[in-house]
Amino acid sequence: MPDEQPSNTPERQQDTDYNPSEDWTAKWSNVFRLATGRMTDEGSLQWKKDRDDRNEEADCAKCEKNRDYLLQYSPIVRFMREKINKLGGDLHSENIHCRRCDLPQSGGFEKDYGILLCANHLRNQGHTEDTMAHEMIHAYDHLRFQVQWEDNLRHAACSEIRASTLSGECRWTREFWTKNQWKFTQQLQECVRRRATLSVAGRPYCKDDVQAAKVVNEVWDSCFSDTRPFDEVYR
C-alpha cells in the first residue's frame, strides 16, 4: 500500500484554535472564532500577524495616501506644521513614515527620525489625522520646551497629557464609537489620564503603571491646562 501523501493545506493549530489556511472557509472560521472568543490569545496574535503580512503593502499605500492628503488639507495638521516650522522644525512626507508596527500602537515620535505612523493599526483617515496631530504635538513640545525624552518621566508625562488633550483623540464621539465610553462628565479628563498613563508606563525607564500614574498626577494640573500652541482645546 503506498504511503499517504502529506496535505499541502495547513491544519488548524489545536493549541490556539487558529487555522492558517488561505482557504476562504478557514478565513471565515477564524473570524467567527475570534468574534465569539473561541480563539486563544496566542491564536488571536497569530491571526493578526498573518493578516498584517498579507495586507502590509496595501496598508502602507493607504497610510501614505491619507498622510499626503492631511498634510495638504487637514486644518489641525497644517496648523501644527506651521507652528513647528516657526520653531525651526520641518515635518513632511519624507520624515512622516508609514510602516507596519508589531507593537499595539498607532504611531510614535523620535527626535532624530521624525514621526512613525503604524499603517496596520490605523482604521481610517480620521484615525490617521488624530495620530498625526498627537505626534506633531510631541514634535512641537520637543522644539518648544526641550523635552528630555530619554530620562525624564515628568517631561514625557506632560507631553503625553497635552498630546491626548489637543489632538482630538479623546473627544467624546471617538471615545463613544471606539471605546464604548458613555460618560458625559469628566470624559475628556479620564481619557487623557488613561492614555497618558499607558504611554508613560511603556517607557523603558518607568518601573510600572503605579509609577506612571503617580507621575501623571504630579504634572496634571499644569499640563492639562496648557493648550499651546492653541488658544483652547481645538477638537
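Guide: Begin with the nonpolar core, a set of buried Ala, Val, Leu, Ile, Met, Phe, Trp, Tyr and Cys residues joined through side-chain atoms within 4.5 Å. Keep in mind that this is a predicted model.

Visitor: Which residues of the largest nonpolar core touch the most other members?

Guide: V77, M80, L91, I96, L117, M132 and M136 do, out of 24 residues in that core. At least two core residues come from each of α2 (41-73), α3 (75-86), β1 (96-99), β3 (114-118), α4 (125-145) and α5 (153-166). The largest share is that of α4, with six residues.

Visitor: What is M136 in contact with, leaving aside its neighbours within four places in sequence?

Guide: M136 is in contact with V77, M80, R81, I84, L91 and I115.

Visitor: Let us turn to the cysteines. How many disulfides are there?

Guide: A pair of cysteine sulfur atoms within 2.5 Å is taken as a disulfide. The count by this rule is four disulfides. With the bonded cysteines numbered in sequence order, the pairing reads 1-2, 3-4, 5-8, 6-7.

Visitor: Where in the chain do C63 and C98 lie?

Guide: C63 is in helix α2 and C98 is in strand β1, 35 residues apart, so this pair links distant parts of the chain.

Visitor: And the geometry of that link?

Guide: The sulfur atoms of C63 and C98 are 2.1 Å apart. The torsion about the S-S bond is -75°, a left-handed link. C63 counts as buried at 3% relative accessibility, and C98 counts as buried at 2%.

Visitor: What does the link of C101 and C118 look like?

Guide: Their sulfur atoms are 2.1 Å apart, and with -80° about the S-S bond the link is left-handed. C101 sits in the loop between β1 and β2 (107-110), while C118 belongs to strand β3, 17 residues apart. The relative accessibility is 7% for C101, which counts as buried, and 0% for C118, also buried.

Visitor: Which cysteine is joined to C158?

Guide: C158 is joined to C223, with an S to S distance of 2.0 Å. The disulfide is left-handed because the torsion about its S-S bond is about -110°. C158 lies in helix α5 and C223 in helix α8 (residues 209-224), so the pair ties together parts that are 65 residues apart in sequence. Both C158 and C223 are buried.

Visitor: Next, the strands. How should I read their pairing?

Guide: Look at the direction of each pair and at the residues that stand opposite one another. β2 and β3 pair in the antiparallel sense over four bridges, and a hairpin of three residues joins β2 to β3. G107 stands opposite L117 in β3, and F109 stands opposite I115 in β3.

Visitor: Do β1 and β3 run parallel or antiparallel?

Guide: β1 and β3 run parallel, joined by four bridges. H97 has L116 in β3 as its bridge partner.

Visitor: Is β3 enclosed or exposed?

Guide: β3 is largely enclosed by the rest of the structure, because four of its five residues are buried.

Visitor: What is there to know about side chains along a strand?

Guide: In a regular strand, side chains alternate between the two faces of the sheet.

Visitor: Last, the pockets. What is the volume of the largest pocket?

Guide: Its volume is about 1,500 Å³. The lining of the largest pocket has 41 residues, and L103, P104, Q105, S106 and G107 lie nearest its centre.

Visitor: Which elements each supply at least two residues of that lining?

Guide: They are α2, β2, α4, α5, α6 (172-179) and α7 (187-201). The largest share of the lining, six residues, comes from α2.

Key
Residues are numbered from 1 along each chain as its sequence is written. This is a predicted model: local features need pLDDT of at least 70, side-chain atom pairs count only at pLDDT 80 or more; totals for chains, interfaces and linings use all residues. Side-chain values use heavy atoms; hydrogens and water are left out. Buried means under 20% relative accessible area, exposed over 50%, partly exposed in between (1.4 Å probe, protein chains only). Contact means heavy atoms within 4.5 Å. Two strands pair if DSSP finds at least two bridges between them. On a 1 Å grid over the protein atoms alone, a cavity is a set of points where a 1.4 Å probe fits but cannot get out, and a pocket is an open set with protein on both sides within 12 Å along at least five of seven lines; lining residues have an atom within 4 Å of a point. Grid points are joined across faces, edges and corners, and a volume is the space filled by probe spheres set on the points.
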